[in-house]
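Have the sequence and the 3D view open as you read.

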Amino acid sequence: MSDSRLPSTGSIEVETEGEVEELVERVAHDADDASVATERLLIVLDIDGTVILEDESLSPGVVDAVADAQRAGHEVMIATGRSWEGTRGILRVLGIAPEYVVCSNGAVVLKRVDADELVYERDHVETFDPTEVLTLLREHLPDARYLVELPDGRRLYTEYLEDWNLVEAMRVDFDELSAQPVCRIVVVAPEQGEQDFMDLVARIGLHQVSYAVGWTAWLDIAPQGVDKSTGLERVRTELGIDPGDVLVIGDGRNDVGMFRWALENGGRAVAMEQGPQEVRDAAGETTTSVSAGGVADVLRKL
């Protein structure tokens with residue numbers, strides 16, 4: 001006896017083996033076909049501690065995962081504290097030539113000119129007068145090593161540091177660092193512990209600039225109100241990507257700004273497992289560490 005209160009159970013169609021194979025091939029073809037509409041994401045990757053390890057080796061699986069994301073139609077780009085000179089080689093090993101790159105913690109936005117040769121031009125640069133900040137820091141950190149990045153990409157530094165990429169950089173006296181506007185200041189004080197450095201920065205106050213303290217005694221200073229998020233908002237607008245279609249992945253304190261930007265606009269923010277607690281707290285999600293292939297883990301699940 002049938003019960004009219006129950007919904008119809010529907011029906012089952014049994015496909016032949018040949019029909020199933022044809023369906024699978026069609027789905028696979030559509031996944032690789034750029035003409036088939038898919039949700040296009042702006043995928044933003046930090047470099048150090050996110051796609052590469054401390055020894056400059058690549059995070060496991062990241063190259064293949066990035067390639068798969070690009071084949072799916074997503075725009076994969078870099079947002080880093082590094083200068084362009086320290087970023088170009090990373091694009092090459094990742095096999096990407098995004099339309100835009102954000103460098104120097106958002107102070108420099110570069111636009112692609114030639115994808116094959118990875119030629120980029122400076123599309124937007126933020127600068128500030130470094131005199132007051134440098135004078136204040138020198139009073140408290142007389143033995144620190146200082147570097148500034150100029151608007152045209154040239155860099156000036158006071159003492160050699162192995163961690164710095166000093167290609168086309170020039171060593172100068174400290175006073176020469178403040179001779180013209182800069183887009184970035186880097187300060188390294190090896191004798192300071194991380195917490196000591198953070199306490200010092202909080203004590204002396206750096207209200208007229210934006211700054212981020214690294215894991216070690218490393219301070220990155222940008223113009224006031226500038227961080228990775230400000231550069232990325234320019235890129236997102238130019239590319240015409242919806243704010244909710246943004247995925248950012250990073251591991252450091254200089255990534256917190258882009259985390260907040262993504263989350264506040266409906267996007268995703270993912271922190272690497274080895275990042276500081278405050279960084280992981282600022283993100284909406286945490287993936288595995290850079291050495292365990294955290295970026296690849298995220299991208300494979302898209």
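## Strand β13 and its cover

A residue is called buried when its relative accessible area is under 20%, exposed when over 50%, and partly exposed in between, using a 1.4 Å probe on protein chains only. By that rule, four of the five residues of strand β13 (residues 268-272) are buried. Helices (H or I, at least four residues) and strands (E, at least two) are DSSP runs numbered from the N terminus.

This is a predicted model: local features need pLDDT of at least 70, side-chain atom pairs count only at pLDDT 80 or more, and totals for chains, interfaces and linings use all residues. Residues are numbered from 1 along each chain as its sequence is written, and side-chain values use heavy atoms, with hydrogens and water left out.

## Two parallel neighbours

Strands pair if DSSP finds at least two bridges between them. Strand β12 (residues 246-250) runs parallel to β13, joined by four bridges; Ile 249 has Val 270 of β13 as its bridge partner. Strand β14 (residues 285-287) also runs parallel to β13, through three bridges, and here Ala 271 has Thr 286 of β14 as its partner.

## Helices in between

Helix α7 (residues 256-264) forms a right-handed β-α-β unit with β12 and β13. Helix α8 (residues 277-282) forms a right-handed β-α-β unit with β13 and β14. Right-handed means that, with the strands pointing away from the viewer, the path from the first strand over the helix to the second runs clockwise.
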